[in-house]
Amino acid sequence: MKTHSYILSLLTLLISLSCKKEANKKLIENRKQNHPNIVIIYADDLGFGDVSCYGSTELLTPNIDRIANEGIRFNNGYATSPTCTPSRYSLLSGTYPFRTKKAQVLPGNAPLLFELGKQTLPSMLQQAGYKTGVVGKWHLGLGDANMDWNKKIAPGPLEIGFDYAYIMASTNDRVPSVYVENHKVVGLTTQDPIYVSYQENFEGEPTGRENPELLKVHPSHGHDMSIHNGISRIGYMKGGKSALFTDENMGDDFLKESIKYINKNKNSPFFLFYSLHQPHVPRVPNPRFVGASGLGPRGDVIIEADWAVGQFLDELDKLGLSENTIVIFSSDNGPVLDDGYKDDAVTKIGKHTPHGGLRGGKYSLFDAGTHVPFMIRWKGTIKPGVSDALVSQMDFTASLAALTGQDNTTPDSKNILDAFLGKSSKGRQGLILGQNNIMAYRQGGWVLIPPHKGGKIVNKWVNIETGRDTIYQLYNLKEDRAQQYNLAETHPEKLEALKLALELEKK
Ligand code: NG6
Ligand code: CA
């Protein structure tokens, strides 16, 4: 009798153990499908035509191409705005930048742009059980107005949903030229505090304007204030010598921190916003990449960024995470050649076309301002291919909320998960592009650019058409990719339909 009950309980135990194992396996499988790691690799000012998977032949980007070839390459993928801050704001907040007046290119001492307490992409993923991190360019403001960079820097990424941050304080051409890790400037000592001003210079400090003999990279417009590492920047700064970054090492620094982050978090689902600084000005490649492209520093830093992407993908392979990680690659706005430094970007461009045949570029309402490289890889889940769906970076929040079983409470992000995963050719219906009251509207293959007050045709500093005009513009991108024919007068019904759709989308 005793042996009987003993065998019975042993059997029960074995069955329950095997059930548990089965349940665990299911849980892991489930997590793999619903909670894959998510990485967004985000370039800065990379154009639609700057990568070889979108047709560049003069500049080859085999590693970025790998993401496209092993995943989906979107032919109609958009950043929300033709400049950095508004695009990044909308990617992280699921909100159109025009809803916030302040969502425009920020100075390096601007306070944090986000309203605390509102859902963001990282806070939504935190809710879903993810570890969330950001490494690289931020440019979304930090702290409060009049922040002291020597004290605790908050609010910032950690207050809007990131568990970890290793970021450039602003842009590589704006002071302070430092990195911030969580709440602190990296490498700063109390003996040599750092001071920042966007009003006036600190006494005795050299500037690019007055001391060009100290420069290794010279400004072409603006960028003639404080000098650091032989490069004059926007804004004034003093002290903090032990904390200043070295432009030549920035690519390596961000790669190293990104790799550290995924190693540290490999056992929990993680989200990483890996925000590259290339090819934004000043373009200062590591010596390993000088001359790599034959197109001057702009091409060289793109080769450098592509190399870093390759190293990062290799690390995912090494950790056995490639099948369990969604990798998204895109850019915050379109391309620009001379963006303020004499770096041969114009003279060495040769046959390369950063805009890839689209009209305009950075700062422009024409297509090249926001129509950017856009690709998503999820090895083993996404069937490799090409998609024509209209997709926007603003839609990551709602789509990834759908994937991870969360509610999206952001105002403008749309769930287009099926398009992102290549299961549907339908993306967004319509999309507003731009910021403040400067905007265009795309619907299907059509683009409307309403009249803009005082619209200049060409931004003479960067030699790019702004796309603004005092009349209505209407383009059919399917037949006229380069936006050469304004159809506003010949297609009045289409014009009215888009005007109405734009007003509805604004609500
Ligand atoms: C402009 C800068 C440009 C770049 C841009 C922001 C001047 C003359 N030009 O004001 O160099 O920094 O702002 O670029 O200062 S973004 O990609 O971060 O939006
Ligand atoms: Ca940018």
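This is a predicted model: local features need pLDDT of at least 70, side-chain atom pairs count only at pLDDT 80 or more; totals for chains, interfaces and linings use all residues.

Visitor: Let us start with ligand 1. Which residues come nearest to it?

Guide: Cys84, Asp173, Arg174, Asp339 and Lys362 come nearest, out of 18 residues around ligand 1. That shell divides into five nonpolar, six polar and seven charged residues.

Visitor: Which polar side-chain atoms lie by the oxygen atoms of ligand 1?

Guide: One of them belongs to His223, at 3.0 Å from an oxygen atom of the ligand. For Lys362, a side-chain N or O atom is 2.8 Å from a ligand oxygen. For Asp45, the corresponding distance is 3.1 Å. The protein covers 84% of the 450 Å² of accessible area that ligand 1 has on its own.

Visitor: Changing topic: is Arg88 buried or exposed?

Guide: Arg88 is buried, because its relative accessible area is 0%, and the cut-off for buried is under 20%. Its place is in helix H3, residues 84-93.

Visitor: What does its side chain make polar contacts with?

Guide: The side chain of Asp332 is one partner, at 3.1 Å. The side chain of Ser275 is joined to Arg88 by a polar contact of 2.8 Å. Leaving aside residues up to four places away in sequence, Arg88 touches several others, including Tyr42, Lys137 and Trp138.

Visitor: And how many residues has the largest nonpolar core?

Guide: That core has 103 residues, and Trp138 is among those with the most contacts inside it, as are Ile41, Leu121, Trp149, Phe312 and Phe329. Helix H6, residues 297-318, gives the largest share, eight residues. A second, separate core of 26 residues includes Ile432, Met439, Tyr475 and Leu487.

Visitor: What does Leu121 touch?

Guide: Beyond residues up to four places away in sequence, Leu121 touches Ile40, Leu91, Leu92, Phe271, Phe396, Thr397 and Leu400.

Visitor: Now the backbone. Which peptide bond is cis?

Guide: The bond from Gln278 to Pro279 is cis, with omega near -5°. The bond from Val281 to Pro282 is also cis, with omega near -10°. Pro279 lies in the loop between strand S11 and H6, and Pro282 is found in that loop too. Most peptide bonds are trans.

Visitor: Where is Tyr363 found?

Guide: Tyr363 is in the loop between strands S12 and S13. Its phi is positive, about 75°, although Tyr363 is not a glycine. Tyr363 is partly exposed, with a relative accessible area of 27%.

How values were computed
Residues are numbered from 1 along each chain as its sequence is written. Chains are lettered from A and ligands numbered from 1 in the order in which they are written. Side-chain values use heavy atoms; hydrogens and water are left out. Helices (H or I, at least four residues) and strands (E, at least two) are DSSP runs, numbered from the N terminus. Buried means under 20% relative accessible area, exposed over 50%, partly exposed in between (1.4 Å probe, protein chains only). A polar contact is a pair of N or O atoms within 3.5 Å; within protein, one must be able to donate a hydrogen and the other to accept it, and residues adjacent in sequence count only if both atoms are side-chain atoms. Contact means heavy atoms within 4.5 Å. A residue is near a molecule or strand if one of its heavy atoms lies within 4 Å of it. Accessible areas come from the Shrake-Rupley method with a 1.4 Å probe; for residues, only the protein chains shown count as cover. Ala, Val, Leu, Ile, Met, Phe, Trp, Tyr, Cys and Pro count as nonpolar, Asp, Glu, Lys and Arg as charged, and the others, Gly among them, as polar. A nonpolar core is a set of buried Ala, Val, Leu, Ile, Met, Phe, Trp, Tyr and Cys residues joined through side-chain atoms within 4.5 Å.
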